[in-house]
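Please look through the sequence and the 3D structure shown here before reading on.

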Amino acid sequence: MQSADTTRRRILDAATEEFAAHGVAGARVDRIAAASGASKPMLYRYFGSKEQLFDAVFTAHVLANSDRVPFDAADLPGYAARLYDDYLADPALLRLVAWKRLERVPSGYLYSGLEQNDVAHRREIAEQQRLGGIRSDLEPTEIWSLLIAMASTWAQVSITEVAQTADAAAVHRRRRAALIAATRSAFSPEPLTR
């Protein structure tokens, strides 16, 4: 007899694959049930609805990313590189983010329940700006948004595109180094001159 936690984990794993591939609208509960070895009634008993199951999957991936990659405003290049690494390790995350933006939250804040993290991150950026560690001509919200966008630039294509190359590890190292250099340059307190 499997524990409820084991069953729940199997359902979440199967739902992750289904939602990442098809979004909420295209996902099928029948496929999730078959892939998880759970019945449809069991899925509904654990999660209530397909939409609530998506929310559980989305939240699990976003929270896990937040736990795995702690924010450090004093080291934005290092944070961006660790975030890129984590996006590669959890390829479903960015696909889930894209589906949520496309299908459920077309504008505004995407991560309901994590607003306090973003507020704290922006506050830490502002403090580093005050201390002279980060350029001060950009708003903390702009820096935070650009940082996330920069870290995710190659993550989605890297997984499928680079995996097919002979030297995928070298490509990832080069892209990671470029991300570190670009982040350092973009947010340096001293503007770079040519």
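## Basis of the description

This is a predicted model, in which local features need pLDDT of at least 70 and side-chain atom pairs count only at pLDDT 80 or more, while totals for chains, interfaces and linings use all residues. Residues are numbered from 1 along each chain as its sequence is written, and side-chain values use heavy atoms, with hydrogens and water left out.

## Overall build

The protein has ten helices and zero strands, where helices (H or I, at least four residues) and strands (E, at least two) are DSSP runs numbered from the N terminus. Its C-alpha atoms fill a box of roughly 60 × 40 × 30 Å, taken along the principal axes.

Of the 194 residues, 38% count as buried, a term that means under 20% relative accessible area, whereas exposed means over 50% and partly exposed lies in between (1.4 Å probe, protein chains only). Among contacts (heavy atoms within 4.5 Å) with a separation of 6 or more, 63% are between residues 24 or more positions apart.

## Helices α2 and α3

The axes of α2 (residues 29-36) and α3 (residues 40-47) come within 9 Å and cross at roughly 100°; axes here are lines fitted to C-alpha atoms, for helices over the stretch in contact, and angles run from 0 to 180 degrees between N-to-C directions. The two helices, α2 and α3, are therefore roughly perpendicular to each other, the word used for angles of 65 to 115 degrees, while those under 35 count as roughly parallel, those over 145 as roughly antiparallel and the rest as oblique. On the α2 side the contact is made by V29, D30, I32, A33 and S36, and on the α3 side by K40, L43 and Y44.

## The nonpolar core

The largest nonpolar core has 46 residues, and those with the most contacts inside it include F19, I32, L43 and L147; such a core is a set of buried Ala, Val, Leu, Ile, Met, Phe, Trp, Tyr and Cys residues joined through side-chain atoms within 4.5 Å. Its largest share, seven residues, comes from α1.

## Two buried residues

S36, which lies in α2, is buried, with a relative accessible area of 4%, and its side chain reaches the backbone oxygen of A33 at 3.1 Å. Leaving aside neighbours within four places in sequence, S36 is in contact with R10, I11, A14 and L43.

T183 lies in α10 (residues 168-187) and is buried, with a relative accessible area of 1%. Not counting residues up to four places away in sequence, T183 touches L76, P77, A80, L147 and M150.

Methods. Polar contact = N/O pair within 3.5 Å; in protein donor to acceptor, adjacent residues only side chain to side chain.
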